[in-house]
Amino acid sequence: MPSRVFVIIGSVRPNRICPAVAEWVTSVGRELLSAEFEIVDLRDWPLPMDAEPGIPATGDYRTDLTKAWSEKITSGDAFVFVSPQYNWGYPAVLKNALDHLYREWAGKPAMIVTYGGHGGAKCAAQLHEVLTGLKMKPTETMPGFTLSRSRIEANAGEVEPATEFAEGRPMLEQAFGELGRL
């Protein structure tokens with residue numbers, strides 16, 4: 001069972017609801033697993049695109065921010081990626097954060113939680129493929145939560161996940177059970 005779980009906020013847009021969803025996911029995880037949980041907001045990690053001259057698989061990082069990101073990710077035992085679905089995929093900022101490293105992800109359990117107008121299944125499938133390519137161990141269950149059209153169009157950055165996604169909580173609990181066994 002992982003002892004330190006990082007919940008990665010996979011969106012940096014203004015008016016995002018990802019922090020609220022990540023907080024809720026974290027609170028459910030704390031109820032189910034005896035692990036230390038920490039939310040990692042990619043807004044706090046402004047990793048530039050393609051800033052490293054070498055390939056991540058070598059681990060020969062040159063920038064201080066990539067070195068710090070490497071240390072951060074190395075210190076996690078498991079990861080929960082919380083991401084909105086954007087145009088049938090996941091946000092570029094999340095892909096960039098993943099692609100900055102390689103060995104630091106390998107062998108670690110991962111869980112994918114998505115949300116969007118269609119629940120995020122396409123986002124989850126793409127993210128699952130990338131995590132597998134990074135040699136991570138993703139859970140089979142990938143909870144996806146559907147946002148109402150009015151919630152999306154309001155774009156107010158507000159959501160009550162425990163209420164709005166209540167019917168999907170059993171799937172979230174199942175995924176945490178799988179994460180705890182990886």
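Residues are numbered from 1 along each chain as its sequence is written, and side-chain values use heavy atoms, with hydrogens and water left out. Because the model is predicted, local features need pLDDT of at least 70 and side-chain atom pairs count only at pLDDT 80 or more, while totals for chains, interfaces and linings use all residues.

Helices (H or I, at least four residues) and strands (E, at least two) are DSSP runs, numbered from the N terminus. Glutamate 52 is buried and has no salt bridge. Here, buried means under 20% relative accessible area, exposed over 50%, and partly exposed in between (1.4 Å probe, protein chains only). A salt bridge is a side-chain nitrogen of Lys or Arg within 4 Å of a carboxyl oxygen of Asp or Glu. The nearest side chain of opposite charge to glutamate 52 belongs to arginine 62, 5.7 Å away; for charge, Lys and Arg count as positive and Asp and Glu as negative, with His and the chain ends not counted. The side chain of glutamate 52 does make polar contacts, with the side chain of threonine 63 at 2.7 Å and with that of threonine 66 at 2.9 Å. A polar contact is a pair of N or O atoms within 3.5 Å; within protein, one must be able to donate a hydrogen and the other to accept it, and residues adjacent in sequence count only if both atoms are side-chain atoms.

Arginine 62 has a salt bridge with aspartate 60, the closest N and O atoms being 2.8 Å apart. Arginine 62 counts as exposed, at 52% relative accessibility, and aspartate 60 as partly exposed, at 40%.

In total, the structure holds nine salt bridges. Another of them joins arginine 151 to glutamate 164, again with closest N and O atoms 2.8 Å apart. Arginine 151 lies in helix H5 (residues 149-154) and glutamate 164 in helix H6 (residues 161-164), so this pair ties together parts that are 13 residues apart in sequence. Within helix H7 (residues 169-181), arginine 169 and glutamate 173 are four residues apart, and therefore separated by about one helical turn; their salt bridge has a closest N to O distance of 2.6 Å. There is also a network of salt bridges linking Arg4, Glu36, Glu38 and Lys72.

Turning to strand S4 (109-116) and the loop that leads from S4 to H4, threonine 114 lies in the strand and is buried, at 0% relative accessibility. The side chain of threonine 114 reaches the backbone oxygen of glycine 120 at 3.1 Å. Histidine 118, in the loop, counts as exposed at 57% relative accessibility. Leaving out residues up to four places away in sequence, histidine 118 touches Gln85, Trp88 and Thr146, where contact means heavy atoms within 4.5 Å.

Finally, the axes of helix H3 (residues 92-99) and helix H4 (residues 121-133) come within 11 Å and cross at roughly 10°. That makes H3 roughly parallel to H4. Leu94, Lys95 and Leu98 of H3 meet Leu127, Val130 and Leu131 of H4 in this contact. Axes are lines fitted to C-alpha atoms, for helices over the stretch in contact, and angles run from 0 to 180 degrees between N-to-C directions. Angles under 35 degrees count as roughly parallel.

Terms used. Angles under 35 degrees count as roughly parallel, over 145 as roughly antiparallel, 65 to 115 as roughly perpendicular and the rest as oblique.
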